[in-house]
Amino acid sequence: MVAANGGESDRSVFETALALARPFQAHLDFYHVRISPDQSAAREPHVDFSQGRALKDALDRLQSNMASRSAAALRHYQEFCDHNAIPIRDSSGKERKVTASWLEETDDAIGRITFRARHHDLIVIGRPHHAYDRRRALVGQLLLTCGRPFVIAPPALRRSTGVIVVGWKETREAAWALTAAMPLLVRAQRVILANVQDGASAPGGALDDLARELAWHGIAAAARTISSDGRSVAQVLHAAAEAADADFLVIGAYGHSRIRELIFGGVTEALLEGASLPIFLAH
């Protein structure tokens, strides 16, 4: 499922989704939720204080903005498929190539996207720009509730190198992320298992044991334990992925409670806000 919001991030989201789809000749469901003026007004604090003509003008402006964004999302989808010669298909067929379809729904964004997300193998969405971006709350809630893995697209997609870095910690979330990413890992040219020594590092031999397990899948993974040197785990993992020129960084999402991460900071929240490469997340 490919989130289309009609903004500047659509291009990188679409390119990231296509890069993921090509090795599998997968189908891309482009999805957009159009928010009506009344629901949009509930998210705009200043509208609560509007009355009379000012209220009508505010609602008209919201209606115009939402209509423009929806039209832009559809246009971006059509232009992207056209440019990349992606056939439009509403049902599966015998052809083995990347195909695409479009679906737009109205209101109840979290409920609708959660429903759709649960019916897809993978969700690709744009990176929230800051802590107050609505997508930040949406991505966090979806990760915790939909049961499917996500890829957070960076502002711009780079050339593929075939390298994937897996941020490992002895947690259920990290184990599930590794399992969910396995179709990508078996096709990677190089896999790096990275554990950060931050006072709660993996038990001795854990990475080597994990590498042996991956070898049964035909994956030659290199194990690397990295000292934090006073940096956050997110900073260390991001730096390791950048140094390896990785296509993706795979991590388990929200190893702590999301409230704790929002208040005190955490790996997931830090990477949601500042990663420069695609982040593969699973909770």
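In helix α1, the buried residues are Asp10, Ser12, Val13, Phe14, Thr16, Ala17, Leu18, Leu20 and Ala21. The model in which they occur is a predicted one. Since nine of the 12 residues of α1 are buried, the helix is largely enclosed by the rest of the structure.

Sorted by class, the residues lining the second largest pocket are 17 nonpolar, two polar and three charged.

The loop between α1 and β2 contains Gln25. Although Gln25 is not a glycine, its phi is positive, at about 50 degrees. With a relative accessible area of 34%, Gln25 is partly exposed, because this class covers values between 20% and 50%. A positive phi is also found at Ala85, again a residue other than glycine, where the angle is near 55 degrees. Ala85 belongs to the loop between α3 (52–83) and β3 (99–106). Its relative accessible area is 65%, so Ala85 is classed as exposed, the cut-off for that class being over 50%.

For the protein as a whole, the secondary structure amounts to 11 helices and 10 strands. The protein has 283 residues, of which 47% are buried. Among contacts in the protein with a separation of 6 or more, 77% are between residues 24 or more positions apart. The accessible surface is about 14300 Å², and carbon and sulfur atoms account for 51% of this area.

Helix α9 (residues 233–243) has Ala234, Val236, Leu237, His238, Ala240 and Ala241 as buried residues. The elements that cover them include the strands β6 (163–167), β7 (190–197), β8 (221–227) and β9 (248–252), together with helix α11 (267–274). Val233 is also located in α9. When residues up to four places away in sequence are not counted, Val233 touches Val196, Asp198 and Val267. Between Val233 and Val267, which are 34 residues apart along the chain, the C-alpha separation is 6.3 Å. After α9 comes Asp245, which has a positive phi near 55 degrees.

Strand β7, one of the elements covering the buried residues of α9, contains Asn195. Asn195 has a relative accessibility of 3% and therefore counts as buried, given the limit of under 20% for this class.

A pairing over a sequence separation of 139 residues involves Leu143 and Ala282, whose C-alpha atoms are separated by 6.8 Å. Leu143 is part of helix α5 (residues 134–145). Its relative accessible area is 1%, so Leu143 is buried. Apart from neighbours within four places in sequence, Leu143 has contacts with Phe150, Ala253, Tyr254, Leu281 and His283.

Note on methods. Residues numbered from 1 in each chain as written. Predicted model: local features only at pLDDT ≥ 70, side-chain atom pairs only at ≥ 80, totals over all residues. Heavy atoms only, no water. Helix = DSSP H or I, 4+ residues; strand = E, 2+ residues; numbered from the N terminus. Buried < 20%, exposed > 50% of the residue type's maximum accessible area, 1.4 Å probe, protein only. Contact = heavy atoms within 4.5 Å. Areas by Shrake-Rupley, 256 points an atom, 1.4 Å probe, with all protein chains shown as cover. Nonpolar A, V, L, I, M, F, W, Y, C, P; charged D, E, K, R; others polar.
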